[in-house]
Amino acid sequence: MAKELGQFKEVRSVSRALSLVDTMGSLGWLTPSQLAKETAIDRGTVYRLLASLIGAGYVVRREQDGKFFLSSKMRHLSRGILAEDTDSMLVSQALARLTSKIRWPSDYGTISRGTLKIVDSSHHLTSMTFFRNVVGRIRPILRTALGKAILAGMDENDRRALISEISQSSEENKSDINKAGKLEWILKDFQRRGYALSLEETTPRICAIALPVYRLGKVAGAVNIIIFRSAFDLDIVEDEFMTPLKECVAEIQLAFESSEYMMDSYK
């Protein structure tokens, strides 16, 4: 077979397209400029190849930062997809629907190795924000609603393991976790309210509420709603925002369950 194929010339455009696919599979979400640099393909050609891959359903574009990545159609072909990249594809539509209902932006964050990272966001879909691109940002765990929700949603064993990881992470997180009574207060406040709350603890004029998201019975991350301090009223938040937030969490958890089923079917 190899001898028979040897008589045919290589189709250069296919080789280049596969080079883009391979690079995205290895490195995650990338801009056209980053793809051009990594593959040594000129940027004009990269744009044309991406257009073809998107048209065929193999690549998707993330609106908030203009980066590209492999679509779910490629999931059974590639094993290089990072967990957070897959999560971003699964949660983005749910976050967009949440923001369309309440107008305020929302983030999905996860904790890995004692670090809280924003995996996806809807800030780009609303004018009610001070920020545009927060995806990939590292946030404090014990001061953000996201981090508090994740901590509160964990069982005791997972929480103990996370605390051990935090003790080896950033100085900010280590300082927070060592404050007497800090963690206990976070857990009690979550239990009392039914959600995590952060009032200007990380950014002036910014407040947030959050709920944990579960996957296979374990906390996978959390979803928040970001609100200006000047517009923040607890009664309004609880009356108008909690139901849409819970619906968003339920939608993401269902997407995770469906994804696990699809992955099992490919094994």
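**Helix, sheet and salt bridges**

Q: At about what angle to β7 does helix α6 run?
A: Helix α6 (residues 145-153) lies across β3 (107-112), β4 (115-121), β6, β7 and β8 (218-228). Helices (H or I, at least four residues) and strands (E, at least two) are DSSP runs, numbered from the N terminus. Axes are lines fitted to C-alpha atoms, for helices over the stretch in contact (heavy atoms within 4.5 Å), and angles run from 0 to 180 degrees between N-to-C directions. Against β7, the helix runs at about 35 degrees.

Q: What kind of model is this?
A: Residues are numbered from 1 along each chain as its sequence is written, and side-chain values use heavy atoms, leaving out hydrogens and water. Local features need pLDDT of at least 70, side-chain atom pairs count only at pLDDT 80 or more, and totals for chains, interfaces and linings use all residues, as this is a predicted model.

Q: Which strands stand at the edges of the sheet?
A: Six strands form an open, antiparallel sheet in the order β5-β4-β3-β8-β7-β6, where two strands pair if DSSP finds at least two bridges between them. Two of the strands have a single partner each, so one side of each is left without a neighbour in the sheet. These edge strands are β5 (138-139) and β6 (196-199).

Q: Which residue of β7 is the bridge partner of Ala 196?
A: Four bridges join β6 to β7 (residues 206-215), and these strands run antiparallel. In β7, the partner of Ala 196 is Ala 210.

Q: How far apart are the C-alpha atoms of Thr 202 and Thr 144?
A: Thr 202 sits in the loop between β6 and β7. Leaving out residues up to four places away in sequence, Thr 202 touches Arg 139, Pro 140, Arg 143 and Thr 144. Although Thr 202 and Thr 144 are 58 residues apart along the chain, their C-alpha atoms are separated by 6.7 Å.

Q: Is Asp 176 buried or exposed?
A: Arg 143 meets Asp 176 in a salt bridge (2.8 Å, N to O), meaning a side-chain nitrogen of Lys or Arg within 4 Å of a carboxyl oxygen of Asp or Glu. The pair links helix α8 with the loop between β5 and α6, 33 residues apart. Buried means under 20% relative accessible area, exposed over 50%, and partly exposed in between (1.4 Å probe, protein chains only). At 0% relative accessibility, Asp 176 is therefore buried.

Q: Which residues are joined with Arg 143 into one salt-bridge network?
A: Arg 143 also forms a salt bridge with Glu 172, the closest N and O atoms being 3.2 Å apart. Both are partly exposed, Glu 172 at 35% and Arg 143 at 23%. Through shared partners, Arg 143 is in one network with Glu 172, Asp 176 and Lys 179.

Q: How many residues apart in sequence are the parts tied together by Glu 251 and Arg 97?
A: Their side chains meet in a salt bridge (2.3 Å, N to O), and the whole structure holds 18 salt bridges. Glu 251 is partly exposed at 28%, as is Arg 97 at 39%. Since Glu 251 lies in helix α10 (residues 234-266) and Arg 97 in helix α5 (residues 83-102), the pair ties together parts whose separation in residues is 154.
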